[in-house]
Amino acid sequence: MCTRPSALFRGSKRLESHARTSKIFDFVKELIRKRANSRKLKSMKTIVVASQKGGSGKTTLAAHLAVTIERRGCGPAVLIDLDPQATLSGWWNQREAETPACAAAQSLSGLPDKLAELAEAGFAWAVIDTPPAIGATNRVAIAAADLVVIPTRASPHDLNALGSTLDIVQEAAKPFVFVLNSAKPGTAIATQAVALLSEHGPVCPAVIGDRVMYASSMSDGRSIAELDPNGKGAAELEELLEFVKSRFPEFKKVKVKQYA
Ligand SMILES: Nc1ncnc2c1ncn2[C@@H]1O[C@H](COP(=O)(O)OP(=O)(O)OP(=O)(O)O)[C@@H](O)[C@H]1O
Ligand SMILES: [Mg+2]
């Protein structure tokens with residue numbers, strides 16, 4: 001009888017095709033998993049606060065931006081302190097509130113993996129503080145950035161020092177914004193600074209005011225919005241966050257077509 005071999009043949013064919021199908025199935029599953037992971041990675045925004053100029057407000061703005069993200073319900077946010085001065089970690093250690101989180105980057109070369117891990121853990125934003133230098137740390141951080149925030153004070157001295165920071169940001173082809181910090185909005189020096197900055201790149205429409213509260217908030221692990229939730233300073237920080245968000249296409253408001 002020829003039924004058995006042919007049945008066997010048909011059976012083994014079925015087995016073969018079953019094996020093939022399950023291989024394809026595994027392959028597709030793996031592909032879907034990888035795509036889901038890459039979507040997850042893309043869904044965390046990495047903001048690097050950088051400027052070669054010391055005292056421009058990097059640490060202050062990194063801490064305040066992360067707190068504002070949490071306060072506006074856009075978190076979770078995680079801070080990473082890459083500055084050996086460790087001012088940001090010091091502020092965070094003083095902090096009583098649970099959020100934002102703070103993560104240690106074990107090594108500079110491990111930063112991309114650390115960010116992938118944080119994205120996988122579900123963080124929506126990573127805010128990285130950097131040292132006042134142009135070196136390996138800043139280059140690695142900037143390479144990992146989705147957006148570089150460059151704070152500056154309004155003095156000509158501060159503005160002149162921006163060139164080298166801008167060079168490495170542009171070398172890395174990263175989007176960036178300027179934030180005029182510790183200035184008095186409406187004064188001639190602030191207006192001139194904004195005009196000059198806007199010749200070189202996008203400038204945050206909110207000038208971050210010169211407020212003594214920043215010093216006290218930074219020394220006790222809080223943000224100025226926690227000290228004065230309805231104050232002008234808190235409103236400026238919210239405007240800063242909205243501006244940062246507007247640099248990402250997914251946060252851009254969808255324009256509704258008007259039909260006559
Ligand atoms: N908007 C502001 N108003 C008043 N004081 C401010 C403001 N921003 C920052 N400061 C103060 O300026 C000083 C320097 O700020 P900060 O430490 O954030 O700068 P930085 O760029 O991180 O400095 P470094 O380059 O040393 O890391 C701090 O004493 C801080 O409290
Ligand atoms: Mg600092």
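Two strands pair if DSSP finds at least two bridges between them. Keep that in mind, because strands of a sheet pair through backbone hydrogen bonds, either parallel or antiparallel.

Now the ground rules. This is a predicted model: local features need pLDDT of at least 70, side-chain atom pairs count only at pLDDT 80 or more, and totals for chains, interfaces and linings use all residues. Residues are numbered from 1 along each chain as its sequence is written, and chains are lettered from A and ligands numbered from 1 in the order in which they are written.

Confidence next. pLDDT is the predictor's confidence in each residue, from 0 to 100. The protein's mean is 87, and 81% of its residues reach 70 or more. Residues 1-15 fall below 50, and beyond near neighbours in sequence that stretch has zero contacts in the model. A contact here means C-beta atoms, placed from the backbone, within 7 Å.

The overall build. There are 11 helices and seven strands. Those are DSSP runs, numbered from the N terminus: helices are H or I with at least four residues, strands are E with at least two. Of the contacts with a separation of 6 or more, 76% join residues 24 or more positions apart.

Look at β5. Three bridges join β1 to β5, in parallel. β5 and β6 are also parallel, over five bridges. Follow one residue across. V149 of β5 is the bridge partner of V49. V149 also has a bridge partner in β6, namely V177. V148 has one in β6 too: F176.

Is β5 covered or open? Mostly covered: five of its six residues are buried. Buried means 20 or more other C-beta atoms within 10 Å of a residue's own; exposed means 12 or fewer; partly exposed lies in between; C-beta atoms are placed from the backbone. Across the protein, 36% of the 260 residues are buried.

Helix α5 (residues 136-143) has N138, V140, A141 and I142 buried. Their cover includes β1 (45-49), α4 (111-120), β4 (125-129), β5 (147-152) and α7 (163-171).

A141 brings us to the core. A nonpolar core is a set of buried Ala, Val, Leu, Ile, Met, Phe, Trp, Tyr and Cys residues joined through C-beta atoms within 7 Å. The largest has 61 residues, and those with the most contacts inside it are I47, L65, A126, V127, A141 and L180. α2 gives the most to this core, seven residues. L180 touches, among others, T152, A154, V194 and I208, leaving aside residues up to four places away in sequence.

For contrast, take F248. It sits in the segment after α11 (232-246). F248 is exposed, because 12 other C-beta atoms lie within 10 Å.

Last, ligand 1. Which residues are closest? K58, T59, T60, P132 and S182, out of 19 that surround it. Near means a C-beta atom, placed from the backbone, within 6 Å. α2 (58-71), β6 (176-183) and α9 (212-219) each supply at least two shell residues. The shell has five nonpolar, 10 polar and four charged residues. Ala, Val, Leu, Ile, Met, Phe, Trp, Tyr, Cys and Pro count as nonpolar, Asp, Glu, Lys and Arg as charged, and the others, Gly among them, as polar.

Key: Contact = placed C-beta atoms within 7 Å.
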